[in-house]
Amino acid sequence: MGVMAGDYESYTLFAPLLNDIIREYHDFSPTSRHTTDLNPAHLKSVKDLDPNSEYVLSTRIRVARSVAGLPFPSSSPRAARRKVEDLSRSCMSALKGDLAGCYLPLNEMDNDTNDDLIQRHILFDNPDEWSITAGLGRDWPDARGVFVNVDDLDDTPDFVVWVNEEDHLRIMCLRKGGDIFAVFEKLVRGVNALELGLASRGYEFLHDDHLGYVVGCPTNLGTGMRASMHVKLIKISTLPGFERLCTRMGLEVRGKHG
């Protein structure tokens, strides 16, 4: 996108620029009100899209969230970033059942573990020229980390939280196969548990009636959600008109790294 908001107030201060971006990307006017519905009960008609595992390799749904009252990562000073990490770490340590796990701070992680988690798509990439230019690499790796709902890193987690990468929190659920309902249901349970944890500590996720959940990148406003699948469709991308077909269906073709 090329534009990052530094804080909540940026959406008011730079409204002449950001409103046009939001209108173009989301087809959403400055007077519209966003409705967020993350109730899994409303997806009961959605079933496993590939029960025989012929085509769908994996399903991933994530949401982006900001902690209200703190600057976004692109402009965050070290103290605010550490506040986000401390709050998140406290909330995640209280997760129970199939959401429970461990938090791995980047500044305590060796290079081999870092590289392994990145290659397995469990951890975000290290800063590149784009993220450094956007201010996201400041003080790296201080106060960054990943939560996984496993105790042994040889196991593959299906609930993961990134802390202080592009957003305060990227909360995601990922599983093999095409059972999108199961992935969504677990994601929402995790998001709700973290939201309750923040509330008990006097904080909340940043939300307003116009934009929905507010984060630094305008493309992630609203639900903050992206749902994706790795699908095996051999050589279909070589067919004439493939990209146009995907556009008409409202789909986005991305690389193997998502």
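Predicted model: local features only at pLDDT ≥ 70, side-chain atom pairs only at ≥ 80, totals over all residues.

Trainee: How many disulfides does the structure hold?

Mentor: The structure holds zero disulfides, a disulfide being a pair of cysteine sulfur atoms within 2.5 Å. Residues are numbered from 1 along each chain as its sequence is written, and side-chain values use heavy atoms, with hydrogens and water left out.

Trainee: Why does cysteine 91 count as buried?

Mentor: Its relative accessibility is 5%, and buried means under 20% relative accessible area, exposed over 50% and partly exposed in between (1.4 Å probe, protein chains only). Cysteine 246, at 7%, therefore counts as buried too.

Trainee: What makes phenylalanine 124 and tryptophan 140 an edge-to-face pair?

Mentor: Rings of Phe, Tyr and Trp (its six-membered ring) pair if their centres lie within 6.5 Å; planes under 30 degrees apart count as stacked, over 60 as edge-to-face and the rest as tilted. Here the centres are 5.8 Å apart and the planes stand at 80°, so the pair is edge-to-face. Phenylalanine 124 sits in the loop between helix 4 (111–119) and helix 5 (129–133), and tryptophan 140 in the loop between helix 5 and strand 3 (145–148). Helices (H or I, at least four residues) and strands (E, at least two) are DSSP runs, numbered from the N terminus.

Trainee: Are phenylalanine 124 and tryptophan 140 buried or partly exposed, and why?

Mentor: Phenylalanine 124 has a relative accessible area of 1%, so it is buried. Tryptophan 140 reaches 24%, so it counts as partly exposed.

Trainee: How do you know that phenylalanine 124 and tryptophan 162 form an aromatic pair?

Mentor: Their rings are 5.4 Å centre to centre, with 80° between the planes, which makes this pair edge-to-face as well. Tryptophan 162 lies in strand 4 (residues 159–163), so the pair ties together parts that are 38 residues apart in sequence. Phe124, Trp140 and Trp162 form one aromatic cluster.

Trainee: Why is phenylalanine 14 called partly exposed?

Mentor: Phenylalanine 14 has 44% relative accessibility, so it falls in the partly exposed range. You will find phenylalanine 14 in the loop between helix 1 (10–13) and helix 2 (15–26).
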